[in-house]
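Here is a quick walk through a model with two chains to look at. Keep the structure open beside you while you read.

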Amino acid sequence: MHAIEKILAKASGKDKVVTGEIVNAKVDFAEINDLYLQTVYSFREMGGEKVWDKDRVAFVFDHYAPAPTIQSATIHNEMREFAQENDLTYHFDINSGVCHQVMAEQGVIYPGMIVVATDSHTTTHGAFGAFGTGVGATDMATILISGELWFRVPEIIEVRIEGIPAKGVYPKDVILSILGKIKADGAVYKGIDFTGSYVEQLDVAGRMAICNMAVEMGAKTAYMKPNQKVLDYAAKRAVRPFEVQYTDDDFVYAESYVFEINDLSPQLAVPHSVDNVRPIETVQPVKINQGFIGTCTGGRVEDIAAAAEILKGKKIPQYVRLVVIPASKEVMRECMDKGYIQALIDAGATISTPGCGPCLGAHEGVLAPGEVCITASNRNFPGRMGSTGAEIYLASPATVAVSVLNGYITDPRTLYK
Amino acid sequence: MKTKMIGKTIVLGDNIDTDQIYPGRFLELVDPKEIGSHCLAGVDPEIAPNFEPGDIVVAGTNFGCGSSREHAPIALINMGASLVLADSFARIFFRNSINLGLPLIICKGISQKVKSGQSLEVDIQEGTVKVVETGEILECEKIGEHATKILESGGIKPMFRAKMGKSQ
């Protein structure tokens with residue numbers, strides 16, 4: 001069996017599961033973000049009274065942190081009331097950060113577990129060898145009542161990544177190049193196992209960035225075999241004992257792809273689709289209005305460090321903006337301790353509260369018609385960050401930083417020539 | 001569950017994501033009717049005001065990709081869509097729609113075979129679609145057993161209430 005299958009089997013009390021089988025699996029942790037007050041409504045409509053386990057449910061206020069409107073402030077209050085009524089052990093209010101980063105830091109994510117969240121990017125937790133998947137409000141409400149959810153055991157495909165990327169090429173470039181090949185619907189319903197020499201040595205942040213965007217290919221979940229960096233991270237933080245699940249040697253993947261990244265260029269997903277991916281040298285320089293570094297894809301310490309190194313001692317030109325939003329309070333503190341935030345402020349960046357920021361067009365840097373944004377986030381759909389008349393380019397944090405510095409889309413490798 | 005439907009179509013393209021079905025700037029709304037009034041605003045804000053209850057949404061591949069927001073099927077239902085036919089659907093959107101009682105039918109190639117404004121007769125149990133204007137019959141996939149059970153209960157909420165022994 002594959003590790004993903006073993007996780008599902010164990011959680012549903014079975015010795016074995018097969019592709020296509022529907023199982024009822026126990027959920028180890030359930031997270032609801034602040035777009036999903038409907039979860040509380042659905043919970044009550046179904047007759048729910050108390051959540052099944054107060055240690056295994058949390059709200060994270062990230063999409064509207066801090067509340068930009070009266071309506072979103074009201075949503076927060078109704079959720080706070082529910083959290084208090086249920087005496088939830090964990091509650092992550094507007095001072096926390098993006099749910100996927102916060103959960104990992106707080107140790108509620110660990111290898112071998114099942115995490116379900118009301119957010120499509122829950123595939124991120126494959127980075128830890130966990131089964132993570134996103135659901136809507138009503139599926140989540142059924143979990144809050146029963147502690148379980150039905151799953152179809154997915155087909156599992158292998159994406160093997162081999163090689164060492166050149167300077168200026170980052171995990172975000174790697175996943176964009178994969179997305180450009182497999183396409184936005186290439187892994188619908190499937191589990192993606194990222195393997196290969198690149199993944200084996202990759203740090204936690206890079207693994208999270210790659211698994212995060214598995215959902216942009218339609219994947220149900222992602223998996224990476226935990227390496228020592230992951231095991232060290234989890235050992236320090238996990239709130240309960242865990243058991244790593246490994247794939248059997250004789251497991252046969254439904255499909256296998258191999259990506260050699262020694263010669264990979266920095267990549268861009270150009271408007272208006274996540275799979276419209278091009279090597280940066282093939283794209284004409286495009287004038288930009290705003291850069292954005294942040295989110296569950298590109299807002300970790302390593303991402304902000306890359307931007308700070310490029311922008312330290314430089315000035316972002318007038319009429320070009322850079323919004324930087326650390327993915328969590330912990331990320332922000334570390335970036336302050338290391339001087340990254342100060343360097344970015346001095347270069348002219350705007351720093352905002354840890355959270356999702358403008359990624360989904362809610363606040364803190366939405367785009368006007370005709371504007372162009374280059375972003376370290378995950379989606380460039382029409383209207384994603386505000387006006388449908390704006391254009392969004394997805395790139396690595398380094399590409400965003402060097403592009404903002406020049407005022408037009410720029411290859412970060414030009415820094416090293 | 002109503003298994004035969006007839007309605008006028010609106011045909012959309014490939015990879016219509018949930019931001020186009022329901023733009024992020026409206027996510028703080030909670031009133032279902034109000035949510036319905038912004039349905040597909042990311043494609044064209046004129047779609048919802050001109051949508052007749054019972055009309056059918058037809059789309060290309062990967063309909064509903066992107067965010068897990070349940071507002072997307074809530075918007076479609078409250079705009080008056082009776083069902084969605086598409087070449088293929090994204091996973092979370094599929095679950096959310098079935099959970100709320102909105103039938104989704106996978107019908108490969110339909111977005112190329114049907115034009116906006118044509119009327120369709122759909123038999124959900126048989127998995128067939130008849131284009132009224134041309135008489136052409138399209139064979140589609142039948143809805144799976146598990147999803148059918150949920151739809152027959154009127155969605156997952158009534159199903160769960162029944163399971164918990166609560167009155168409707």
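This is a predicted model: local features need pLDDT of at least 70, side-chain atom pairs count only at pLDDT 80 or more; totals for chains, interfaces and linings use all residues.

## One arginine in chain A

Setting aside neighbours within four places in sequence, A:R152 is in contact with A:G20, A:E21, A:I22, A:Y189 and A:K220. For a sense of how the chain folds back here, take A:V17: A:R152 and A:V17 are 135 residues apart along the chain, yet their C-alpha atoms are separated by 10.0 Å.

## Two domains in chain A

Zooming out, chain A splits into domain 1 (3–258) and domain 2 (270–411). The C-alpha centres of these two domains of chain A lie 24 Å apart. Where they meet, 36 residues of domain 1 are in contact with 32 residues of domain 2. Together the two domains of chain A bury about 2,700 Å², with 58% of that on carbon and sulfur atoms.

What about polar links between the domains? The count for domain 1 and domain 2 of chain A is 17 residue pairs in polar contact, both residues being at pLDDT 80 or more. On the domain 1 side, the elements giving two or more residues to the part that touches domain 2 are α4 (99–105), α6 (171–182) and α8 (204–212) of chain A. Of these, α6(A) gives the most, with 6 residues. The interface between the two domains also has 2 salt bridges. Elsewhere in the list of charged pairs, look for A:E330 and A:R237, which form a salt bridge with their closest N and O atoms 2.9 Å apart.

## Where chain B meets chain A

Now for the contact between the chains, which takes 36 residues from chain B and 48 residues from chain A. Chain B and chain A bury about 3,500 Å² between them, 54% of it on carbon and sulfur atoms. Which residues of chain B lose the most area to chain A? They are B:E28, B:R91 and B:R95, and together they make up 22% of what the chain B side buries.

Across the interface of chain B and chain A there are 3 salt bridges. If you want a charged pair to click on, the side chains of A:R384 and B:D19 meet in a salt bridge at 2.8 Å, N to O. The polar contacts between chain B and chain A come to 22 residue pairs, with both residues at pLDDT 80 or more. Several elements of chain B give two or more residues to the side that touches chain A: α1 (18–21), α3 (71–79), α4 (91–99), α6 (145–152) and α7 (156–163). The most comes from α4(B), with 6 residues.

## The nonpolar cores

Last stop, the greasy parts. The largest nonpolar core has 105 residues, and B:V57, B:F63, B:L76 and B:L85 touch the most other members. That core also draws at least three residues from each of domain 1 and domain 2 of chain A. Another core lies apart from it, with 63 residues, including A:V102, A:M217, A:V277 and A:A390.

To see the packing around one member, pick B:V57. Leaving out neighbours within four places in sequence, the residues in contact with B:V57 include B:I10, B:L12, B:F51, B:F63, B:L76 and B:M79. Also in contact with B:V57 are B:A81, B:L83, B:V84 and B:L85.

Notes:
Residues are numbered from 1 along each chain as its sequence is written. Chains are lettered from A and ligands numbered from 1 in the order in which they are written. Side-chain values use heavy atoms; hydrogens and water are left out. A nonpolar core is a set of buried Ala, Val, Leu, Ile, Met, Phe, Trp, Tyr and Cys residues joined through side-chain atoms within 4.5 Å. Buried means under 20% relative accessible area, exposed over 50%, partly exposed in between (1.4 Å probe, protein chains only). Domain bounds come from an automatic or database domain assignment. Contact means heavy atoms within 4.5 Å. Buried area is the accessible area (1.4 Å probe) that two parts lose on being put together, summed over both. A salt bridge is a side-chain nitrogen of Lys or Arg within 4 Å of a carboxyl oxygen of Asp or Glu. A polar contact is a pair of N or O atoms within 3.5 Å; within protein, one must be able to donate a hydrogen and the other to accept it, and residues adjacent in sequence count only if both atoms are side-chain atoms. Helices (H or I, at least four residues) and strands (E, at least two) are DSSP runs, numbered from the N terminus.
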